[in-house]
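Have the structure open while you read.

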Amino acid sequence: LSFPPHLVREYVEDFELQATQRVLDPFSGIGTTLVECTKLGLDSVGVERNPMSWYASKVKVDWRPDPESLYDHAQQVAEAVTETLATQGIHDGSGRLTVATREVNVGALRKLPASAAKLVIKNSISPLPLHKTLTLLHELEEQKEPEFYDHERLALAGALPSDIGNLRFGPEVGVGKIRHDTAVVDPWLRRVAKITEDLDGLPRERTARVILGDARKLDSLIEKDSIDAVITSPPYPNEKDYTRICRLESVILGFWTTNSDIRDVKKDLVRSNTRSVYKDDQDDMLVEGHPEIQRVAHEIEERRIELGKDSGFERLYSRLIRLYFGGMVRHLSGIRPCLRSGAKLAYVVGDQASYLQVMIRTGALLADLAGHLGFEVLRIDPFRKRFATATAKELQEEVVVLRWPGDS
Ligand SMILES: C[S@@+](CC[C@H](N)C(=O)[O-])C[C@H]1O[C@@H](n2cnc3c(N)ncnc32)[C@H](O)[C@@H]1O
């Protein structure tokens, strides 16, 4: 989901930001803007509502651990886990089940609590790798070293979807080849090693802050008059359920234990897919008077009727578009008091055709809404073209560049 780091550097340069100034990323995801700004010596603050992404970005800007000591500690944990597993007759190897592991009593393996197990996509992790993962998490608690704890857990979150679980990505998340057994400790330790490489040579400090919160309520989260620039990529209306992509690691690390945890997060996100639309949503009212958004929403609804698409989700398509742009209006309204006069803003967005192939010019519409809210639209920079598999068409991604003139 992230955008490339060079894009952040380009806009820091373009906006002529100086070391004393503060950058905000209100949709900070896994923290690309924050990491790059910290590297450039700029103060930065992020807002992110998905707890897994919030945690990832918070850890990524915490450069305090000494790399060598972090690795030594992780190695100790790894040895303890390997030993525990060996006493249970479990070899932490990859590939096929060994004779010994085949004889392991499945009933004796560590499992997720029943309510949490229901939240992960079925078969997204096999029982044996899950047992090893939970054993590793348990050992991290036993040998908890506050300075390293979060970095070690983030390394595990990184290894889960790709190295340990059975997930397949692209374009949607699903279950791929089932690995009945696979190594857990080794891929985890490799990721810790990668973190130590990244930390090596960086100043041992933390400057960026990441707030777990809703970017549509910024006035209650960010100090008034404190932001000099915004570099961000908000969600697009693209039917991607961001809470599904990171479900496995979110549940295993304990961020989500019940369905209502996930619902609470979805309710606070800008609506970008119909699986996160709720009856009492009201952001659509904020774009009632915007002719172009209403026109696009009508076109989607007419196309739906014409094609006889009648599922509950398809019926919500036109409402979703209104809710998405209404949510962005709420975000842009609330950000205004946080900005210093003359603040510049860069929003990376993409055109979309995910809704019955009706073209949605996200950048142009966002620029227009911002203009109505008192922002100056400086320009819309082309960024890159993306190939959309659903429509087999190239869609433009662009950067909407705004300036906040201050309250008049
Ligand atoms: C396109 S991604 C951002 C990716 C980011 N540039 C990075 O480097 O990872 C959009 C992010 O916005 C978050 N988001 C959506 N609605 C939000 C809201 N109302 N408040 C805070 N975060 C939100 C999503 O969870 C997602 O992480």
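Start with helix 2 (residues 32–39), which lies across strand 1, strand 2 (43–48), strand 5 and strand 6. Against strand 2, helix 2 runs at about 170°. Keep in mind that this is a predicted model.

Those strands belong to an open sheet of seven strands, ordered 5-2-1-6-7-9-8 with mixed pairing. Strand 5 (209–212) and strand 8 (376–388) are the edge strands, each pairing on one side only. On average, neighbouring strands here are turned by 15° against each other, direction ignored. Pick out leucine 24 and you'll find its bridge partner in strand 6, valine 230.

Now for the helix pair. How are helix 4 and helix 9 set against each other? Helix 4 (residues 67–87) packs against helix 9 (residues 185–199) at an angle of about 175°, with the axes 9 Å apart. Angles over 145 degrees count as roughly antiparallel, and therefore helix 4 and helix 9 are roughly antiparallel to each other. On the helix 4 side, the residues that meet helix 9 include Pro67, Leu70, Tyr71, Ala74 and Val81; helix 9 brings, among others, Val185, Trp188, Leu189, Val192 and Leu199. By class, the residues of this contact come out as 14 nonpolar, three polar and no charged.

| Space | Volume | Lining by class |
|---|---|---|
| Second largest pocket | about 170 Å³ | eight nonpolar, two polar, two charged |
| Largest cavity | about 40 Å³ | three nonpolar, four polar, two charged |
| Second largest cavity | about 30 Å³ | six nonpolar, one polar, two charged |

Which residues line the largest cavity? They are Lys240, Asp241, Tyr242, Thr243, Leu269, Val270, Ser272, Asn273 and Ser276.

The second largest cavity is lined by Val120, Ile121, Ser124, Leu167, Val173, Arg244, Ile245, Arg247 and Leu248. Helix 10 (242–245) and helix 11 (247–252) are the elements that give two or more residues to that lining.

As for the second largest pocket, its lining includes Val106, Arg110, Lys111, Leu112, Asn123 and Leu130. Val120, Ile121 and Ser124 turn up in the lining of this pocket and also in that of the second largest cavity.

Methods
Residues numbered from 1 in each chain as written. Predicted model: local features only at pLDDT ≥ 70, side-chain atom pairs only at ≥ 80, totals over all residues. Heavy atoms only, no water. Axes fitted to C-alpha atoms, helices over the stretch in contact; angles between N-to-C directions. Helix = DSSP H or I, 4+ residues; strand = E, 2+ residues; numbered from the N terminus. Parallel < 35°, antiparallel > 145°, perpendicular 65-115°, else oblique. Contact = heavy atoms within 4.5 Å. Nonpolar A, V, L, I, M, F, W, Y, C, P; charged D, E, K, R; others polar. 1 Å grid on protein atoms, 1.4 Å probe; cavity = no way out; pocket = protein on both sides within 12 Å on 5 of 7 lines; lining within 4 Å. Points joined across faces, edges and corners; volume = space filled by probe spheres on them. Pairing = 2+ DSSP bridges.
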